[in-house]
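Dear colleague,

I am handing over a structure for you to look through, and my notes on it follow below. Please keep it open beside this message while you read.

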Amino acid sequence: MKIVPCFLLIFVFIISVNNLYCQSLLIDKVVAKVGSEHILLSEVEEEFSYAKSKEPSLSDDIRCLIIDNMIAQKLVIYHAKIDSVEVLDEEVETQLDYRFESILRQMNGDESFFQEYYGATIAEMKERFRDDQRHKILAEKMQQKLISEVSITPKEVEKFFQSVP
């Protein structure tokens, strides 16, 4: 009979240690919030890895610039949603189709190589990038809307350049 309480005590101890270990394991973390939009640590690290692969000499300080750029983009997206800027599903699909057709052309149209390289089918990759593409189009439309409201005369340009030392 003493074996059952001893076994129960060991079992509870193992469960407690396991819970403590799981609590210290960081899966992901919100590093910034702009309106209803969140920026996750994993997104920053993904951008950093991409930038580092393109330019290996980049310092780790570039993460701050990445976060700043992401906040700026999320801010534009947030204001676009407030201003009711709309993005149609057809626009997103057209952009995704163009993007992946371009990638496939670089791979000589070999879909099996695409799947091997990316570890997913074209349809799965489109689904993975659909929200990102929607946000990109939304940001572009908002920027276009802001720029279209600005009018600068040649006199203003000349005055500005004359004021620069």
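In which helix does R63 lie? R63 lies in helix α3, and, as everything here comes from a predicted model, please read what follows with that in mind. R63 has a relative accessible area of 24% and is therefore partly exposed, because that class covers values between 20% and 50%. If we set aside the neighbours within four places in sequence, R63 is in contact with V44, E45 and F48. Between the C-alpha atoms of R63 and S49, which are 14 residues apart along the chain, the separation is 9.9 Å.

Next comes a loop residue. E86 is found in the loop between α3 (62-82) and α4 (89-106), and its relative accessibility of 58% is why E86 counts as exposed. Leaving out neighbours within four places in sequence, E86 has contacts with E91 and K141. E86 and L138 are 52 residues apart in sequence, while their C-alpha atoms are 7.2 Å apart in space.

Last, the strands. Strand β1 (residues 30-34) pairs with β2 in the antiparallel sense, over four bridges, and K33 has H38 in β2 as its bridge partner. The two strands β1 and β2 form a hairpin with two residues between them, and in the turn G35 has a positive phi of about 60°. Strand β2 (residues 37-40) has a covered face made up of E37 and I39, whereas H38 and L40 are on the uncovered one.

Note on methods
Residues numbered from 1 in each chain as written. Predicted model: local features only at pLDDT ≥ 70, side-chain atom pairs only at ≥ 80, totals over all residues. Heavy atoms only, no water. Buried < 20%, exposed > 50% of the residue type's maximum accessible area, 1.4 Å probe, protein only. Contact = heavy atoms within 4.5 Å. Pairing = 2+ DSSP bridges.
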